[in-house]
Amino acid sequence: MRVQVVWKRSLLAALCGVLGLTVLLLLPGGSFEPLAATDAAAGAVTDAASKPAFPVKTGEGEKGAYARYLREHADGRIPSAEIRIDAERQPIAGSGVVAAMEREGAEGSAVLSGESGEISWDVDVQEEGLYQLFVRYYSLEGRSEAIERALLIDGRLPFNEAERLVFPRAWGNKEERIRQDANGNDLRPSQVEIPAWEELALSDADGYYEEPYRFYFTKGKHRITLRSVREPMLIDYLALRPARDTPAYEDLRADYERLGYGSPAGVMITVQGEDAAFKSSPTLYPLADRSSPATEPFHPTKIRLNTIGGNNWRIPGQSITWTFDAPQDGLYKIAVKYRQHFVQSLEVPRRLRIDGQVPFAEANRIGFKPGGGWQMMELGNERGENGEPYLFYLTKGKHRLSLEVTLGEMAPHLHSVEQAVLELNRLYRKIIMITGASPDPFRDYELQKRIPELRETFEEQGRVLRGVIGSMEQMYGGKGERMAVLNTVAFQLQDLAEDPESIAKRLDAFKSNIVALGTWMLTAKELPLEIDYLIIASGEARLPQADASWLAHAEHGVRQFLLSFFTDYDAVGVTGEETEAVDVWITGGRDQAQLIKSMIDTSFTPWTGIPVNLRLVDPSVLLPATLAGSGPDVALASNNVINFALRGALQDLSVFDSFQDVKARFAASAFVPFEYEGGVYAIPEQQTFPMLFYRKDVLDEIGAKVPQTWEELYALIPVLNKRQLSVGLTPELTMDILLYQSGGAYYKDGGKASGLDSEEALSAFKRWTDLYVNYKAPQQFDFINRFRIGEMPVGIADYTTYNSLVVFAPEIRGLWAFAPVPGTAGSGGAVHRETASVTLGSVMFKRAGNKDNAWTFIDWWTGKEAQLAYGRELEALMGAAARYPTANLEALRELPWPAEDFERLKEQLEWVRGVPDVPGGYFTQRHLNNAFFEVLNKGANPRETLKDYVRTINQEITVKRREFHLPTVREEDAP
């Protein structure tokens, strides 16, 4: 009975999302529970130093959610007065607090909230009711990521969403004017932080709620705590203000008429989009558009950065701010020249702010219609009598105009789908605990008896999705391509509700549809918009045409076609003199090459006077070009170093005077793959290593802990298997870990022979094969999707998997984390967590014409400043999924990792070991896998099988060493 009640509440929550957020405020509140704890109600304050843990999100509908919190306090009164809390003057408690300090650019003092710890303030509330909480803050230098905090009131989260509150940073172009290269093309300006004092109303970081959060306070003493999650900031004050709705435009217009405001004549102010003063993200840099000669500014042959936004401006919460001067007091209209060809059949919403304030309620969701080309739109109410534009009252002087990505009318639908995904994920895990991931289609599992809520859940979530589809059809004016996934899942849920026992035959399809639904949520939240310019004008002003004539377009197309025959698409930027220039080749994408070239032009060449010829090449070209004598001086991100070095193609970099200073930037393990016969043939660029990823919610459901040792992991595997869940252990990564933790090594005698015949290696191999033979660990799997759905709640994967999960699995944000890999207990109780790493490096070829210049470039490129700048710019260019795994330790420390997550990375990095690369080493992994599959498939003896393959590996190593005239093991020791 209790389970059914929970599911009914889930249905109510989802239906409320479909009906809209305003309905949430009108529903009956039910029984009232004061926000404060019992002690707080009596005048006492909960001790914040106890640091209560955040509740784990269970995915059970609205349990602990803001929507439910609003309903519970829907009848709360609106207070009459504001309560201001001066951060440095009120009693402060908690960790991470320092003495009050001078505020940046302002008089008085402020309090530092570090990237970890918490700060608490006591406040005496005279009037009970609903308040909005404002914080005036100043972003301090950190890891260049948005600041995050969690809010606790009287020692606990008021609702789940308060665990993640985002305080944006402000970014702008590094230089006031856009620079050009020697060919006259605009260079994309670097984005730098422009810190300033800002007042922010605490609101939903995911964009589901348009208005700021409302907090209910009873009369009496309360304690407000901000717990640091990411990045430091200064806090000036907190303010509790009565929670009032933003007025409608018609009410505001009536006030304008009552006050006698008029519109000035003859005003037409054009603000170019690329000239934005502030951006909330460094990804919002100027873009180049050549599609229309009407784009401003435009050049027929050169690159001009003339727009902003596009696909980079799509995530809820991202904002762009422009500044302009109003010539006199009065009413103005605002128009935008934009392009919205990204989302078909759907208006893309933006929230408008003037000087930091939303002027009226309709400005929360201004829609930009789709179209094939550039459009001009006056911001206005098309549903009004005459479709008149909105008028904005501006005083004479400087103003700020901001547009922020919002979900608009999609918000309640996405919220409902998110709840449905969490519920279906939970139901899927219950099903596979009975049937397994690959059920027998001919067996009756009696699922309806063993999962009483099975049919009801299918029906409820199917109704939720059908409700979303119906609402979206009204928005689209019919069925749209974005509803295909919703229709498929809704149909399947209805079908399963009618025949729940058929789930055994259709489990794979059910799982795939849940994953597709999560992916749909991700894409549905992306609402791009590109802007050429904005116009602030008098009410009677006539706006220019958005696009050029067909004749101008035809002329433009012909010129582009003819000029394409004279463009070198491989060369990136300007080239230098042959005697001084360094030829650098890079394999990868053109965006990365353009970014590196921009860094070279703005920092390396001006600093050193050394020109660089950067060329983007296919990885397969490097070896033939080198053998032909036409290769580069320097190659970046190389992973085939020893093959070049043993053929005498590379320069030993340890001979340079500053080598030891350069070497100190990296972990010693990063150099191991680049060492050969006493020389070092590359400087590390990227270094990756595995971490243990785990689902907090799933482990909490089954009452399990994160395994710290292999013994604990062995104990966890049957617990998961009993519930038809599994552990993700990539075979190659797992062998590396077991080998190094046992004290073994892949090679011995300086790389002359395999080390896999040692007792330590044989023992590690036996433990490795046992995991897949005895413990039935899967050998091949899609870890991200299985982790996302909860089917594989624990797994070892490369730490860059973190980036993919953050971006591509937003529905499980806060439900997972990572930790160092399980370790092996050593003497004295210490846990050894050794693991192997993969490293890419910069190499110099022996044929380099000017080795000193080439070394200067490698020194600069692998330094902290260049690696950090490249990492930040790359993430700005391509998003968080492209977070750069730099090998430079100082640069890694300053990349935008949350403080807690970076500490875990740092802990694991101390145990990382490098894997040597030796002549003939390609046989090692090949025959190690052969031995593995012989044990797995044929039941061979692990010890004897590995010994047999070690002889083959040693033979190949010896042959290769003789080929290149290298010393081998003594003949009597040879196989």
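I took helices (H or I, at least four residues) and strands (E, at least two) as DSSP runs, numbered from the N terminus. For the expected span of a helix I used 1.5 Å times one less than its number of residues.

**Entry 1: ground rules**

I am reading a predicted model, where local features need pLDDT of at least 70, side-chain atom pairs count only at pLDDT 80 or more, and totals for chains, interfaces and linings use all residues. Residues are numbered from 1 along each chain as its sequence is written, and side-chain values use heavy atoms, with hydrogens and water left out.

**Entry 2: the whole protein**

I looked up the elements and found 27 helices and 44 strands. Next I checked burial. Buried means under 20% relative accessible area, exposed means over 50%, and partly exposed lies in between (1.4 Å probe, protein chains only). Of the 975 residues, 54% count as buried. Then I turned to contacts, meaning heavy atoms within 4.5 Å. Among contacts with a separation of 6 or more, 80% come from residues 24 or more positions apart.

**Entry 3: helix α9**

I picked α9, which covers residues 484-498 and has 15 residues. From first C-alpha to last it reaches 22 Å, close to the 21 Å expected at 1.5 Å a residue. Which residues of α9 are buried? I listed L486, V489, A490, Q492, L493, L496 and A497. Seen down the axis of α9, these buried residues fall within an arc of 165°, so they line one face of the helix. The arc is that of the directions from the helix axis to the C-beta atoms. I also noted a general rule: an α-helix has 3.6 residues a turn, so residues three or four places apart point the same way. On the face of α9 turned away from the buried side I found the exposed residues F491 and E498. The buried residues pack against α6 (411-435), α8 (454-476) and α10 (507-524).

**Entry 4: α9 against α10**

For pairs of helices, axes are lines fitted to C-alpha atoms over the stretch in contact, and angles run from 0 to 180 degrees between N-to-C directions. The axes of α9 and α10 are 10 Å apart, and the helices pack at an angle of about 145°. Their crossing is left-handed. A crossing is left-handed if the near helix is turned anticlockwise from the far one by less than a right angle, and right-handed if clockwise. On the α9 side I noted V485, L486, T488, V489, Q492, L493 and L496. They meet A509, F510, N513, A516, L517 and W520 in α10.

I then looked up V515, also in helix α10. V515 counts as buried, at 15% relative accessibility. Beyond residues up to four places away in sequence, V515 touches N785, R788 and I789. V515 and N425 are 90 residues apart in sequence, yet their C-alpha atoms are 9.0 Å apart in space.

**Entry 5: α12 against α22**

How do the axes of α12 (590-608) and α22 (851-861) cross? They come within 11 Å and cross at roughly 120°. That makes α12 oblique to α22. Angles under 35 degrees count as roughly parallel, over 145 as roughly antiparallel, 65 to 115 as roughly perpendicular and the rest as oblique. The crossing of α12 and α22 is right-handed. In α12, the residues involved include M599, F604 and W607. In α22, the residues they meet are T856, F857, W860 and W861.

I found α18 (731-741) mostly covered, with nine of its 11 residues buried. Among them are M735, I737, L738 and Y740. Just after α18, G743 takes a positive phi of about 90°.

Leaving aside neighbours within four places in sequence, its contacts include R164, V166, R227 and R230.

Most residues other than glycine have a negative phi, and most peptide bonds are trans. I looked up the exceptions below.

- E296 and P297 are joined by a cis peptide bond, with omega about -15°. P297 sits in the loop between β17 and β18.
- D355 is not a glycine but has a positive phi of about 55°. D355 lies in the loop between β21 and β22, and is partly exposed at 35%.
- D749 has a positive phi near 55°. D749 lies in the loop between β36 and β37, and is partly exposed at 48%.
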